[in-house]
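Please work through the following exercises with the sequence and the model at hand. Each task is followed by a solution in steps.

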Amino acid sequence: MSELLRNLAACIRERADPRVHVVTGLELAEDEPTALAAATPHVAGAEVVEPSGKIDPVPVGDPEPGRFGCFMDGMERQRVVLYFSAVPVVYGYTAAVIRTRGPDRRMRTHAPPAVREALFYSRRLVDLQLDGIDSIDTDDEEKPVEEHPMILLDAARKKVSGARERLERGVTSEWLAASDEGKDWLLVDGSLTGDYDQYAEPNMVGVVKSHQTQYFPMEEQRKILGLPVGQRSGVFIPRGRRRPEVYSWYLRLRSNEGQDVHFGLVRIEAAKCERTLARADEISRWLLAERSPLSLPDARWDRMIYPIRDCEQYLRSLAPSRTMLDAALLRLTR
Amino acid sequence: MELKQIGRVVATEAKPTTAYTFNFWASDDAKVGIGTLVVASKPGLEVYGVVVEGFGFTDLGSALHDYIGSEGDPGAESMTIRPEVKCYTAAVLRVDPEEPLQPVPVAPVYLADDLAVGKALRMDAFQDRTGIPVGLYQNGDLLSPVYLDSEFLLGPEAAHLNITGVSGLATKTSSIEFVLLSIFEHFREDVAVVCFNVKGSDMLFLDFPAFAREGEGPAEPAFQQSLDDREREMYARLRVQCEPFRSVKYYAPFKSDRVNLNTLRTHPDLVGSVTPMSWGLKDILQYTEVVLNRDDVDAKSDALIQYINQRVVDQTSEPNGQSITVRNFQDLNRWFDLVLQEMEQSNRSEWKTHHYATIRKVYNRLSNLSTRYQGLISPDEFASDLPWGEFEDRTVYVVDVANLEPQAQDLVFTRIVSQLRQHLETGKLGVKHVIVVVDELNKYAPSDGPDTYLRQTLLDISERGRYLGMVLFSAQQFRSQVHKRIVGNSATCIYGRMDMDELATPGYQVLTSATKEKLATLSKGQLMIRHPHFAQPIFVKFPRPNVMRGPDGIKMFPPAEDLPLEEAVWRNLSRLDQSLSRNEVKDVVAAASDPQEIVRAMNMTLQKNSDDPTGYFRRAVRKKAGVVNVGPGEQPMAVPGLDSTTTDPFERI
């Protein structure tokens with residue numbers, strides 16, 4: 001049992017506050033599926049920077065073993081553990097790790113994963129003295145969250161995701177600070193969210209598997225959705241995001257014949273620099289080489305490369321399970 | 001505990017731990033395999049187990065996923081290798097403390113060292129007192145001795161050893177030999193071994209080393225390679241001398257000529273060490289039910305045989321008015337003739353309540369015995385047997401029955417075991433414990449087929465022998481085809497490489513499939529052992545015994561051709577009297593009434609061990625009619641001429 005859960009159990013038992021309503025038996029909401037379900041598809045803009053000035057398909061050539069030697073992924077698990085006067089208190093577990101691939105092609109942990117366990121709730125509404133327990137206020141500084149359990153819950157969930165992103169940025173920054181430029185490259189699951197301006201040409205790319213945001217009008221988007229396997233779109237700068245600018249392009253990893261239009265389609269993000277433009281094809285070829293082994297049985301196997309699945313598996317093996325949470329909380333319900 | 005951690009216990013809902021089994025994963029470089037002894041340890045609790053199953057897996061959901069990922073190209077190499085975990089199932093051997101008996105907890109797993117092996121197999125309780133080293137358990141590069149408890153191997157707690165394995169690997173014979181050597185070295189009471197050599201030359205060279213040193217013996221490649229350092233280290237670890245048996249005595253019946261021995265150990269250099277085994281009337285009369293057909297020995301016949309046994313043999317009686325002392329089959333035949341003559345002359349159908357037909361029948365059957373079992377049953381009073389009452393400690397008595405017909409083997413087994421039992425019961429065998437070694441149990445004690453005295457004898461040993469100090473060490477190829485009560489009574493069982501068909505029989509259902517697979521592929525010198533102290537079967541290695549293999553012995557000491565009578569007599573008697581010349585023997589043979597007479601005289605001479613063997617031999621021979629001994633300077637006696645009026649030419653002599 002984690003330290004946080006043990007302390008939480010002790011605090012609640014000690015206080016025996018009738019306003020506390022402990023919840024057990026719930027599944028833990030996990031990772032991207034939850035986040036994606038919550039995300040709303042929308043349209044954003046983009047600026048094409050491809051030398052041709054077009055988004056049109058570009059053959060990248062045959063797959064080639066690349067220089068991806070490190071892989072980063074994060075995870076989050078969250079669950080309501082109690083209600084305080086009908087206000088949800090969410091337990092959130094967030095972690096991020098960089099796993100390295102050695103010359104023997106086996107994955108190992110680069111450094112201990114960054115982990116944060118905390119309770120997410122509105123401090124304004126929850127009068128709990130939880131000494132020694134990490135907690136994060138779900139209220140925005142500018143605008144308090146409305147007193148509606150579902151809205152409060154949604155706010156907590158967003159804060160958990162935010163905590164995960166911070167951990168991811170942290171381990172990535174550490175890696176960049178420690179790595180020698182020109183050697184291994186880091187492949188990050190998802191968007192590059194950090195501010196890496198201090199690095200002129202960071203050896204880092206992000207691979208985005210979800211396509212909730214569409215950056216081009218439908219006429220151009222059709223070209224992207226129609227990309228054949230092994231071809232990429234022109235490089236562009238995604239607009240409308242609250243993150244530092246990056247260069248990005250789409251790449252079809254697997255043929256989508258007889259499949260969904262997004263099947264095997266990923267969007268790659270890399271540092272906004274000339275080198276990225278020059279090496280877009282090469283980086284794409286590296287990614288194509290990562291298609292084997294498959295990431296099955298993961299549902300996103302068509303877009304997920306195996307080392308990222310490996311990072312996920314690693315983090316999951318360390319994360320608390322529903323049973324563990326229930327074990328900590330069950331005694332409090334009696 | 002200073003042990004090397006190699007894994008960790010895992011317990012899942014699908015595969016939970018129990019009080020008797022647990023699962024653990026092991027690091028890639030851990031030297032763990034089926035049969036490895038491990039310890040799951042946490043403060044206050046140690047669980048000893050033996051690995052009985054192993055399984056490895058990756059996160060690959062289906063073979064199809066790998067096929068698709070490789071684009072159907074088996075040579076394609078992925079950028080990343082999937083993590084592969086090796087998990088093992090261990091059967092619990094011992095838990096310390098033993099109470100309360102709970103499911104094995106999640107704990108670090110270590111490889112067992114010498115001390116842990118001793119604890120795991122509960123050998124710590126007996127190895128210094130009654131331990132008999134049987135082999136070495138290999139744990140990575142470590143070799144830990146494994147002991148059998150002599151109280152459970154040789155009695156009185158339990159007893160008997162049974163060995164199963166395919167033929168051709170010499171595992172069965174070698175392992176029995178090694179266990180016997182180890183018993184001789186470590187058992188604290190006196191013990192002798194009676195080995196029945198049932199095939200070829202398996203046990204005929206136990207007194208010779210297997211491995212010729214440089215410059216000694218033939219250096220042919222067909223001979224066993226000498227022991228390497230590792231094997232010598234094994235002997236040292238087991239504290240057993242790397243030597244052949246120091247005291248071996250061989251016994252074999254004669255061939256039908258009653259001169260040449262019916263064994264393969266007949267090389268001139270060795271034949272002198274083989275004692276003839278020849279039994280007379282007295283020796284076998286109480287075993288007539290073994291050698292006679294069951295239909296022959298009805299109640300009436302049995303009554304007559306008992307009468308002969310109690311009132312006739314070794315006693316003087318006067319059938320038909322003639323005094324006769326029956327000491328051998330020849331005398332018995334004469335006694336029968338007299339009895340029948342008396343009945344015929346007095347026209348009576350009964351003699352001492354025995355009917356004429358019964359007497360005829362028993363006469364017919366008994367008189368045939370010395371013919372049917374020529375070589376084993378002596379028609380005359382010559383008898384040669386195992387040294388009843390004078391068995392020596394740490395001595396192997398090899399009885400070669402390989403060339404005897406089945407019924408004769410029946411007789412040999414039954415009589416020897418009966419004699420052993422009788423002498424052990426009265427404490428007059430010479431040793432307190434005797435181990436009876438029998439190979440080919442499939443043949444001699446099958447689970448089906450007709451009941452034989454031999455099978456009854458083996459059953460008797462296995463069920464009652466341990467109370468007397470008589471222990472059965474048996475071997476066979478197919479345990480499933482041996483009488484259940486014999487293998488069931490064997491407290492210690494050893495398994496060499498097994499046939500898969502055999503392993504598929506119900507008797508092996510308790511073994512996991514991995515253990516069976518390992519048994520089917522065991523190499524020479526590897527065994528699986530079950531012993532009352534071991535909660536699970538244990539795999540061990542044993543060194544090759546330094547005993548000459550039968551085929552090697554035959555190459556080094558080729559059996560001699562059968563000798564002609566004169567030569568055989570001269571060779572046998574010249575061992576007693578080296579001044580004896582061939583001509584002297586030739587003269588005596590020429591003067592003898594028939595060859596059997598010479599054989600009888602020779603055997604009597606050998607048995608008598610007289611100060612003047614040549615003279616004794618000469619006097620023992622009954623002369624041909626008309627021939628007398630002629631002293632120096634005497635004239636030969638004239639032989640009377642034949643008279644045509646007489647019917648019997650020998651009547652007047």
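Helices (H or I, at least four residues) and strands (E, at least two) are DSSP runs, numbered from the N terminus. Two strands pair if DSSP finds at least two bridges between them. This is a predicted model, in which local features need pLDDT of at least 70 and side-chain atom pairs count only at pLDDT 80 or more, while totals for chains, interfaces and linings use all residues. Residues are numbered from 1 along each chain as its sequence is written, and chains are lettered from A and ligands numbered from 1 in the order in which they are written.

**Exercise 1.** Describe the hairpin of β3(B) and β4(B).

Step 1. Strand β3 (residues 37-42) and strand β4 (residues 45-57), both of chain B, form an antiparallel pair with six bridges.
Step 2. B:Lys42 has B:Leu45 of β4(B) as its bridge partner.
Step 3. Two residues lie between the strands, and B:Gly44 adopts a positive phi near 85°.

**Exercise 2.** Describe how β4(B) pairs with β5(B).

Step 1. β4(B) is antiparallel to strand β5 (residues 85-96) of chain B, with 11 bridges.
Step 2. B:Gly54 is bridged to B:Tyr88 in β5(B).

**Exercise 3.** Is B:Glu584 exposed, partly exposed or buried?

Step 1. Helix α20 (residues 582-591) of chain B contains B:Glu584.
Step 2. With C-beta atoms placed from the backbone, a residue is buried if 20 or more other C-beta atoms lie within 10 Å of its own, exposed if 12 or fewer, and partly exposed in between.
Step 3. B:Glu584 is partly exposed because it has 16 C-beta neighbours inside 10 Å.
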